[in-house]
Amino acid sequence: MSDSTVKQNQDEFPPLKNNLILRACRGEPVERVPIWIMRQAGRYLPEYLSIRSQNSFFDVCRTPSICCEVTLQPLRRFDLDAAIIFSDILVVPQALGMQVDMIAKEGPRFAHPINVPADIKTAIDRTKQASVELKYVYDAITLTRHALDGRCPLIGFSGAPWTLMSYMIEGKGSETHSKAKKWLYTYVEESHDLLQFLTHFIINHLVEQVCAGAQLLQLFESHCGCLSHDLFVRFSLPYLRQIAKGVRDMLTRRQIPFVPLIIFAKDAHYALDELCSSSFDVVGLDWSITRRQIRTLREKYPSVTLQGNLDPCALYASQNDLEKMIKQMLEIFGPKNYIANLGHGIYPDANIDNVKHFVDTVHRISKDMIKHESVPKMINANK
Ligand code: 1CP
């Protein structure tokens, strides 16, 4: 897409009616805390399951009209402050030529995972371009941005290099990721080469999503739980940083103003300092991060917006207990520089009434907190 076409497209989208989440990302005042839910479009919704009963997972991803419908489904039920485009992190290895299937009750499965570095040559085609191979994602984003009619911002996303590399080697989900970790100890140079290649592809994929209409970006580094701090610092963090800088530089060149970048590095409890000082606007925290850690981050990095981190299983609790947990969460994070979310994706058996209660309670309690916080200031101003 040429720079002038991009600019023209951006001007044609309907005006935004709810920019709470963008303000929270910039640290600006909000009247209530914005909330969205990781995996908010998906298997806990009967209307999603009904579409899935007639379409394969990747057909949903590849058909912009269905993709748009599925993205909007949770917004019809809940007062969410952002939509996230329906897609998957594994569309990237697919775009590079790897066959990935979604197996019912099992999850993703690669037909031919990479075992040794020599496999890379046949497994992935380095000439592939995101703008061509993943055009269906960008078409879905443009369609959805129009269909949203400015109701709330649309989030684009990608998997981060280490998470994608580990799937490409393991070929499916794994507890230990020991096959992929073996590469980090035995094929150090080849690992960096693959991570670097993925980094460039991901930067293009994220920038294309913004050009198509995405207003925020989230990077999922889901497989930090199997890394030591040392491995994280060597094989994940440098590429996360490159992506943040690369996306910003490329957007600046295309004259697109500020797009907030969210990093969600699951189980990276050992690297919160590095994440908060790595030029992402928002750091997503998983549900295992403790209240003490959150308080420390707030003191050390007051300008970083935090996102999270209710345990997805808290949605199984009674509404009374859920409300107590939400109140506690809002008190610890505080209502500013904060985006409420779960601390990982919602589970397929989540209680839908409780999801609604989660969203509405975050809005209600935070509105109250903010109103009462501003009273003393108003009294002062009147003096
Ligand atoms: O049968 C189905 O319908 C498949 C279920 C499903 C869904 C709804 C999968 C399979 N992916 C998705 C959509 C999806 N995946 C979204 C968009 C929807 C939304 O958020 O509303 C997003 C952002 C993802 C991201 C994703 N996919 C991640 C990162 C987040 C995380 O959970 O850490 C990961 C790791 C994946 C891989 C994946 N895709 C699907 C499954 C079951 C998995 C995990 C497999 C595993 O490793 O165990």
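This is a predicted model: local features need pLDDT of at least 70, side-chain atom pairs count only at pLDDT 80 or more; totals for chains, interfaces and linings use all residues.
**Aromatic contacts: close-up views**

Tyr-338 is buried, its relative accessible area being 0%.

**View A. Stacked pair of Phe-333 and Tyr-338.** Phe-333 is buried too, with a relative accessible area of 3%; both Phe-333 and Tyr-338 fall under the 20% limit for buried residues.

**View B. Edge-to-face pair of Phe-57 and Phe-58.** A search of the whole structure gives eight aromatic pairs. In one of them, the ring centres of Phe-57 and Phe-58 are 5.0 Å apart and the planes meet at 80°, so the arrangement is edge-to-face. Phe-57 counts as buried because its relative accessibility is 9%. Phe-58 is likewise buried, at 6% relative accessibility. For the pair in View A, Phe-333 and Tyr-338, the centre-to-centre distance is 4.3 Å and the angle between the planes is 10°.

**View C. Cluster of Tyr-48, Phe-57, Phe-58 and Phe-86.** Ring pairs join these four residues into a cluster.

**View D. Arg-62 over the ring of Tyr-136.** Arg-62 is placed over the face of Tyr-136, and its distance from the ring centre is 6.0 Å.

**View E. Arg-126 over the ring of Phe-197.** Here the ring belongs to Phe-197, and Arg-126 lies over its face at 4.9 Å from the ring centre.

Notes:
Residues are numbered from 1 along each chain as its sequence is written. Side-chain values use heavy atoms; hydrogens and water are left out. Rings of Phe, Tyr and Trp (its six-membered ring) pair if their centres lie within 6.5 Å; planes under 30 degrees apart count as stacked, over 60 as edge-to-face and the rest as tilted. Buried means under 20% relative accessible area, exposed over 50%, partly exposed in between (1.4 Å probe, protein chains only). A charge sits over a ring if NZ of Lys or CZ of Arg is within 6 Å of the ring centre and within 35 degrees of the ring normal.
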